[in-house]
Amino acid sequence: MIDLATSMIKEGLGSDLMPKEADPSPITAYRYNSLCAYMGDDDMFSSDLNEHQLRMRLGHMSSTPCQVIFSMDDEYVPEYVDKKALVERLCRAMGGAEKVEIEYGNHSLSNRVEEAVQAIIDFVKREGPKGWDDPWS
């Protein structure tokens, strides 16, 4: 499918949709290639990137408080990927981002909304603006 997406992009069809076999959701050839091709524009979370590649893609986040919320049952992460190790690597590449693992969470966390929202609220309360900018006071 990556070869098909690459061909479509070369032919000026990057905005056209990929066949349904490529992804259950509608996705353009450009977006598919960007996410799925090795070192594609949006290949930021792949388990096959080495530490240096991850730092090059995510290291700019090290000066900003960050939280990585990881869906531990993400249907888009292959079964062979060690999800705990991957989220650790992502957080390290971001300069020590806070890690939140949502057990049984699907890709969109639609089945664990309350847990995800609570994690975000806790993070913003702890790491967000203080004083007169504080929306929580």
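1. Into which domains is the protein divided? The protein falls into domain 1 (1-43) and domain 2 (47-129), with bounds that come from an automatic or database domain assignment. Taken over C-alpha atoms, the centres of domain 1 and domain 2 are separated by 24 Å.

2. On the basis of the values: this is a predicted model, in which local features need pLDDT of at least 70 and side-chain atom pairs count only at pLDDT 80 or more, while totals for chains, interfaces and linings use all residues. Residues are numbered from 1 along each chain as its sequence is written, and side-chain values use heavy atoms, with hydrogens and water left out.

3. On the interface: domain 1 and domain 2 bury about 540 Å² between them, 41% of it on carbon and sulfur atoms, where buried area is the accessible area (1.4 Å probe) that two parts lose on being put together, summed over both. In domain 1, the residues that lose the most area to domain 2 are Y38, M39 and D43, together 75% of what that side buries. Eight residues of domain 1 are in contact (heavy atoms within 4.5 Å) with five residues of domain 2.

4. On the cysteines: the structure holds zero disulfides, a disulfide being a pair of cysteine sulfur atoms within 2.5 Å. C66 is in no disulfide, and the nearest cysteine sulfur, that of C91, is 9.1 Å away. C66 counts as buried at 10% relative accessibility, and C91 is buried as well, with a relative accessible area of 5%, where buried means under 20% relative accessible area, exposed over 50% and partly exposed in between (1.4 Å probe, protein chains only).
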